[in-house]
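Subject: A structure to look at

Hello,

I am handing over a structure that is new to you, and I hope you enjoy looking through it. Please open it first, then read on for what was found.

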Amino acid sequence: MTADPVARRDTDAAGEGPALSRAPSTATAPIQRQVFTRGRARFGDLLPAEWIKLWSLRSTAPALIGVVALSLYLAHADPVRATFDGTVWLLPMLGAGALGAQSIVGEHASGLIRTTLVAVPDRGRVVLAKAAVVAAVAAVFGLVIACGDLAVVSSRATGFAAVPSLAASAVLTLACALVGLALGTLIRNLAATSFGICVVLGFLPLFLKPDQNRWATDVANALPYYAWGRLTGAGHASATTTASVAWGTLAAWMAASIVLTLTTLNRRDV
Amino acid sequence: MTTSADRARFADLLAAEWIKIRSLRSFYGLFALGLTIAVASAWFEGRHVRVAPGAASFFNPLIYPFNDLTWTFLAVLAASFGALSVAGEYSSGLVRATFTAVPSRHRVIAARALILAASMAIFGLVDAVASVPTAGVALSGQLTGLSLTNPGVQRAVLASTLLLPVAALVGMSIGAVVRHPAAAVTTAWAALLFLPDILASGTLNLATLAEGAPLSVWTAIADTQAHSQHPAPLLSTPVAWILYAAWPLATLAATIVVVGRRDA
């Protein structure tokens with residue numbers, strides 16, 4: 001925060017003056033190397049780039065705030081609820097999924113992805129930067145809603161193991177955002193991606209519940225929604241696994257989403 | 001009568017709308033996906049039931065071919081398609097060409113609604129007729145009554161055939177109001193599945209409102225609720241039929257008003 005990172009890098013090795021203006025006059029190796037470093041985006045540059053892309057969309061902030069407000073209103077209005085309400089938490093899950101999907105599909109729709117990958121040919125780093133930014137925003141988003149939920153609940157229930165619930169909720173929205181990113185990379189059309197997110201994150205847990213036959217129970221236990229339910233004790237939404245398996249399920253969804261995003265974007269033309 | 005040659009007749013509009021729909025690849029994907037899901041789900045639901053001897057009367061056999069979440073999925077497919085048939089035209093710009101060719105917007109919307117409803121009704125009929133014997137075979141030796149000649153089954157098939165056009169017309173109004181394809185699809189999911197679920201789960205204490213949702217109305221007409229000690233409250237059949245007719249008509253009227261009043 002002390003100085004503009006680009007300006008600092010210009011002057012660091014050369015002593016004074018911007019490196020690019022000196023390059024033609026002195027064609028020595030150090031200068032060439034320095035020109036090369038100057039031109040290459042570091043990971044620290046990719047994160048702000050993705051941050052800017054995310055928030056320069058008009059709809060991002062209002063959509064997130066809208067979901068937070070609606071979730072907290074529903075949490076407040078529910079007369080019978082004791083802890084986290086699974087059905088209401090479908091909203092933040094879908095919101096986080098849409099956030100992740102929009103971050104990649106929007107680039108494909110506008111053609112910005114070509115500029116991005118020309119500027120940073122290493123697609124893996126672009127994906128990691130995008131995933132990091134989206135995941136951080138989604139985790140804060142989930143944490144805010146979970147804290148709000150707890151604030152509403154704490155007046156009615158005591159002895160509630162708050163920290164694992166808060167952590168699980170943040171990880172849930174984080175995982176959902178990465179799932180959205182992966183589906184968006186795979187499908188590349190926003191309407192179809194939204195449909196896919198609604199199916200994977202919203203419909204599957206309502207269709208396959210962990211109290212049915214063996215096959216459905218196994219699949220339900222592997223869904224992020226029920227893993228989260230196991231960790232928060234959400235009513236009607238608990239997987240029939242141990243807590244560590246539930247954490248592992250959430251981690252597996254995150255890892256699989258990242259791998260899917262990386263391999264898909266690396267193998268495809270843009 | 002001199003103008004009649006220049007003016008597009010309603011039959012021309014129907015032909016135009018049919019070309020628009022059938023030229024969408026997703027139209028055929030929707031048919032294939034919906035039929036696969038319907039048949040696979042009927043088989044899956046039927047195979048995983050163990051009926052104790054003499055307990056068959058406690059089971060409602062209709063919940064296997066007409067599983068509520070499977071048919072919610074089919075309804076959302078139809079609603080999403082309906083939403084995209086309107087929203088997609090706005091995002092591609094085709095709507096401007098359409099309204100330049102036919103300035104009378106309500107006739108365009110009426111033609112599209114008719115084509116959409118007819119194709120979705122065929123879609124629903126095929127799914128329903130395929131699901132019944134599938135579940136019947138999967139349940140053979142355990143439950144009887146899943147025959148297409150059974151009046152109860154016929155009523156369920158009729159209600160399910162109508163479910164997809166009803167959902168598609170609800171979807172059209174969502175597409176007309178929202179107009180952004182992705183937002184319209186998400187809204188269709190929320191309107192048909194997530195919102196009624198949240199209302200019925202006790203939140204807001206508005207379970208009565210959830211009873212009027214299209215899928216609850218379908219459950220009431222088709223009698224596709226599992227027999228249990230505490231069944232979810234449903235509307236009486238006559239009221240349900242009225243609402244089943246009111247949903248598509250009201251949303252079609254909304255679509256016509258919204259499309260007519262907004263800039264294309």
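**A covered helix in chain A**

Helix H12 of chain A, residues 224-232, is mostly covered, with nine of its nine residues buried. Two terms need explaining here. A residue is buried if 20 or more other C-beta atoms lie within 10 Å of its own, exposed if 12 or fewer, and partly exposed in between, with C-beta atoms placed from the backbone. Helices (H or I, at least four residues) and strands (E, at least two) are DSSP runs, numbered from the N terminus.

Before going further, a word on the source: this is a predicted model, in which local features need pLDDT of at least 70 and side-chain atom pairs count only at pLDDT 80 or more, while totals for chains, interfaces and linings use all residues. Residues are numbered from 1 along each chain as its sequence is written, and chains are lettered from A and ligands numbered from 1 in the order in which they are written.

Back to H12(A): its buried residues are Pro224(A), Tyr225(A), Tyr226(A), Ala227(A), Trp228(A), Gly229(A), Arg230(A), Leu231(A) and Thr232(A). What covers them? The cover includes helices H6 (86-110), H9 (162-187), H10 (190-207), H11 (214-221) and H13 (243-267) of chain A. Contact here means that the C-beta atoms of two residues, placed from the backbone, lie within 7 Å. After H12(A) comes Gly233(A), with a positive phi near 70°.

Helix H5 of chain A (residues 60-77) has 18 residues, which at 1.5 Å a residue should span 26 Å; its end C-alpha atoms are 26 Å apart, in agreement. The expected span is 1.5 Å times one less than the number of residues. Buried in H5(A) are Leu64(A), Val67(A), Ser71(A), Leu74(A) and Ala75(A). Seen down the axis of H5(A), these buried residues fall within an arc of 105°, so they line one face of the helix. The arc is that of the directions from the helix axis to the C-beta atoms. As background, an α-helix has 3.6 residues a turn, so residues three or four places apart point the same way. On the other side of H5(A), Ala61(A), Pro62(A), Ile65(A) and Ala69(A) are exposed.

Ile258(A) sits in helix H13 of chain A. Ile258(A) is partly exposed because 17 other C-beta atoms lie within 10 Å. Leaving aside neighbours within four places in sequence, Ile258(A) is in contact with Ala131(A) and Leu178(A). Val127(A) is 131 residues from Ile258(A) in sequence, yet the two are 8.1 Å apart in space, C-alpha to C-alpha.

Arg188(A), in the loop between H9 and H10 of chain A, has a positive phi of about 65° although it is not a glycine.

How confident is the predictor in chain A? The average pLDDT (the predictor's confidence in each residue, from 0 to 100) is 83 for chain A, and 79% of the residues score at least 70. Confidence is lowest in helix H1(A) (residues 5-12), at a mean of 44, and highest in H13(A), at 95. Over residues 1-27 of chain A the pLDDT is below 50, and this stretch has 21 contacts in the model beyond near neighbours in sequence.

Chain B has ten helices and zero strands. Of its 264 residues, 46% are buried. Along its principal axes, the C-alpha trace of chain B spans about 75 × 40 × 35 Å.

Within helix H5 of chain B (residues 105-138) you will find Ala135(B). Ala135(B) is buried because 28 other C-beta atoms lie within 10 Å. Not counting residues up to four places away in sequence, Ala135(B) touches Ala42(B), Glu45(B), Gly46(B), Tyr64(B), Pro65(B) and Leu146(B).

Arg179(B) lies in the loop between helix H6 (151-178) and H7 of chain B. Its phi is near 65°, a positive value in a residue other than glycine. Arg179(B) is buried, with 20 other C-beta atoms within 10 Å.

Which residues make the contact between the chains? It takes 19 residues from chain B and 21 residues from chain A. On the side of chain B that touches chain A, the elements giving two or more residues are helix H3 (68-92) and helix H7 (181-200) of chain B. H7(B) gives the most to that side, with nine residues.

Best wishes
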